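Please examine the charged side chains of the structure shown here.

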Amino acid sequence: MISATDEPLHVLDLPQLYQKPSGTDLVKALALLSLQPRTFGTTADVVKGPAVQPAGVTRYLTSIIASPLAWLDTEELREAIWDAAAARLSERSGRSAMSAMSRIFNVPSGSGEQYTLTLHEPSITADNLGMKTWVSSYLLSRRLHNLGSPPALVPSASATPSTSNPQKPLRALELGAGTGLVGLSFAALQGESATVHLTDLPDIVPNLAHNAALNIELLDRTGANVTTGLLDWSVAPSPLPTAEEQFDVILAADPLYSPNHPKWLVDTINPWLSRGLGARVVVEMPLRDAYLPQVKEFRQRMSELGLAVVEEGEEIGYDDWESADGGALAVNCWWSIWGWSERV
């Protein structure tokens, strides 16, 4: 365990392999040795990790790469740690940036505990924007712990409990899950009370599944039930989902970056959202000037479908890249929770 301190750490203060540290502790230690992107939060939220004295760091990194890490649960977790250690070595050979990285996100819970998620982000391309974690995903992940209060998220069947399964878990679906921050956060927060299915396009799903495997320790500890799969908004499901296949909660963050997306998104919500009055759609998106028409169209289409805003608000986040002068780039984001109007 690395304790908070203003003094530079010695390499012996980092998790030592003979102690068989958890994957999370190793990832945190390797993050201390890297150049991290700017935080999504406010500039006041930036918490700089303690500096590590350079003596012994190279040997520490090579020992991780040479270790089989046999006590860790999944091959994906071991690979992520080896990759991170190799990246830190590359940086110390003159490489100042990586084309891919693993990042740590802390998600608050209602109990005051923070859950730590590790997400791998491959190199980003214009065609695969889901390979990156975006500011609205970060903000929504930190808002999810408030969803236990009104409007409560409850299984649609709870209004008429089933005698055969009175404790039916909440069924949640994330659309355009990307790196999985929102869906994995929701799963950890809900634990055994929910099943969560994270979806995206074919090129995105392998990394999404990879990130679910990276966080197996947290998901197991919280009793979370997570699956991943393909869901293309432009293709209508056939046959249509049955009532049992529909979801009580649909999550989406930063889902609108094409003129087609408002229609596709609402057309996807329509068949997959349960018709119970307790069903909810939870979304957050940046209010960037270029996409304000899509936001307006999304609101209109949701209303036409019979969904109404139950709760909404705006909040400020910061992009994880810098402006030309090195300052933080503020982004105004709109979050909203939707439910069926009684007339539906």
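Arginine 221 and glutamate 113 form a salt bridge, their closest N and O atoms lying 3.2 Å apart; a salt bridge is a side-chain nitrogen of Lys or Arg within 4 Å of a carboxyl oxygen of Asp or Glu. The pair links distant parts of the chain, 108 residues apart: arginine 221 belongs to helix H7 (residues 216-222), while glutamate 113 sits in the loop between E1 and E2. Helices (H or I, at least four residues) and strands (E, at least two) are DSSP runs, numbered from the N terminus. Arginine 221 is exposed, at 54% relative accessibility, whereas glutamate 113 is partly exposed, at 33%. Here buried means under 20% relative accessible area, exposed over 50%, and partly exposed in between (1.4 Å probe, protein chains only).

The model is predicted: local features need pLDDT of at least 70, side-chain atom pairs count only at pLDDT 80 or more, and totals for chains, interfaces and linings use all residues. Residues are numbered from 1 along each chain as its sequence is written, and side-chain values use heavy atoms, with hydrogens and water left out.

The count of salt bridges comes to 7. Another of them joins glutamate 121 and arginine 103, at 3.3 Å from N to O. Glutamate 121 lies in strand E2 (residues 114-121) and arginine 103 in strand E1 (residues 101-108), so this pair ties together parts that are 18 residues apart in sequence. Glutamate 121 is buried, with a relative accessible area of 6%, and arginine 103 is buried at 6% as well.
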